[in-house]
Amino acid sequence: YLCHSRFVLRLLVMAQAASVVLAFAPGVTADPWLRLGLISVFVHWVALLTTICFCQLRRQLNCLKPAGMLISCIMLFEVITIFVSVIAHSWLASQNLPMLQSLPAFVLANMMISLIIAVIAIQFFIIHTERSQQVRAQSRAELSALQARIEPHFLFNSLNTVAELTQVDPNAAEQALLNLSALFRAALNAGQTVSLAEELRLSEQYLSLEQWRLGQRMTVQWDVPEHIPELSLPALTIQPLLENAVRHGVENCAEPARLHLTLLESRQSVSIVITNPLAPPTGKKAGNGIALDNIRQRLQLHYGSAAQLHSATSEGRFRVKLVLPKDSNQ
């Protein structure tokens, strides 16, 4: 978190706010605008150097116990304050600016101020960390609840397909049972994340089950590069979209239908586009298929606003586009 650009921006804003408070403090007789400029440079240097050191030493700091980490962070903050204070005092003296304090007094005063700021900042981060843990725990619970609702509706159809395959192709029946087992194993791992390659493999296993059941009524076209981008996503994110495409599109078509999945990669995201034919309206209820709103809720819990799910109809086909960020820490 400390090494992200968002934190650095917030740090600079907080550093400037502290500079304004110090520059315009009551009882100061010097020009406050001149003080603001000098203090801003000083505070920003201390803040940025401290952040750089924390980023470089984060592995070593994470290995310490909480008390040791706290003491180490404060000591590092104080050492950098001393270093910048000595340089700042020497530079001010070389510019023939009036110095109201000697070097030891100047350094000691800055150390006291930095100690107070460090304690406040550490307390803030403790509160922020506890809050983040609570939010993540709540998100995992909600994600698990949403995930637990997902039970492949094709269970009985798949079992009937396996029963038929045992009479004509025992090897295919065995593979169908393995695919069905993999799908239910994924459904039981509620709330867990998997790689994109694993999710696509699971989607292939699902479609192979439906292909055995539907036969020539369904044709599947995959446009996926050989190298699958390395990113993680909640288990059973793509498969439910394919399930919707089969159940509400392919199954209701009187003629053979084509289901098309395309994977597109950009510099910052990966897009999965699924298209299927639109079945003519029959007046029947949609049933208990996986709702797109359910998938959107899961994406919101896992990615925030970084992931997107769009759907549209065009020229007799239904199109769903899933956009996943490459940086899941956003």
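This is a predicted model: local features need pLDDT of at least 70, side-chain atom pairs count only at pLDDT 80 or more; totals for chains, interfaces and linings use all residues.
Colleague: Is α9 mostly covered or mostly uncovered?

Modeller: Buried means under 20% relative accessible area. By that cut-off, twelve of the 13 residues of α9 are buried, so the helix is mostly covered. Among them are Ile238, Leu242, Glu243 and Arg247.

Colleague: How do I describe two packed helices?

Modeller: Use the angle between their axes and the distance between the axes. Here, take α9 and helix α10, residues 292-303. Their axes come within 10 Å and cross at roughly 170 degrees. That makes α9 roughly antiparallel to α10.

Colleague: Which residues make the contact?

Modeller: Pro240, Leu241 and Asn244 come from α9. Leu292, Ile295 and Arg298 come from α10. By class, the contact has four nonpolar, one polar and one charged residues.

Colleague: Now the strands. Which strands pair with β5?

Modeller: For pairing, look for bridges; at least two are needed. Strand β4, residues 257-265, is joined to β5 by six bridges, and the two run antiparallel. Leu263 stands opposite Ile272 in β5. A hairpin through three residues joins β4 to β5. Strand β7, residues 317-325, also pairs with β5 in the antiparallel sense, over nine bridges. There, Ser271 has Val323 of β7 as its bridge partner.

Colleague: Are the faces of β5 covered or open?

Modeller: Check the residues on each side of the strand. Ser269, Ser271, Val273, Thr275 and Pro277 are buried on one side. Val270, Ile272, Ile274 and Asn276 are buried on the other. Nine of the nine residues of β5, residues 269-277, are buried, so the strand is largely enclosed by the rest of the structure.

Colleague: Last topic: backbone angles. Which residues have a positive phi although they are not glycines?

Modeller: Leu236 is one of them, with a phi of about 60 degrees. Glu315 also has a positive phi, of about 50 degrees.

Colleague: Where do Leu236 and Glu315 lie?

Modeller: Leu236 is in the loop between β3 and α9. Glu315 is in the loop between β6 and β7.

Colleague: Buried or exposed: what are Leu236 and Glu315?

Modeller: Compare each value with its cut-off: under 20% is buried, over 50% exposed. Leu236 has a relative accessible area of 2%, so Leu236 is buried. Glu315 reaches 79% relative accessibility and therefore counts as exposed.

Conventions: Residues are numbered from 1 along each chain as its sequence is written. Side-chain values use heavy atoms; hydrogens and water are left out. Buried means under 20% relative accessible area, exposed over 50%, partly exposed in between (1.4 Å probe, protein chains only). Helices (H or I, at least four residues) and strands (E, at least two) are DSSP runs, numbered from the N terminus. Axes are lines fitted to C-alpha atoms, for helices over the stretch in contact, and angles run from 0 to 180 degrees between N-to-C directions. Angles under 35 degrees count as roughly parallel, over 145 as roughly antiparallel, 65 to 115 as roughly perpendicular and the rest as oblique. Contact means heavy atoms within 4.5 Å. Ala, Val, Leu, Ile, Met, Phe, Trp, Tyr, Cys and Pro count as nonpolar, Asp, Glu, Lys and Arg as charged, and the others, Gly among them, as polar.
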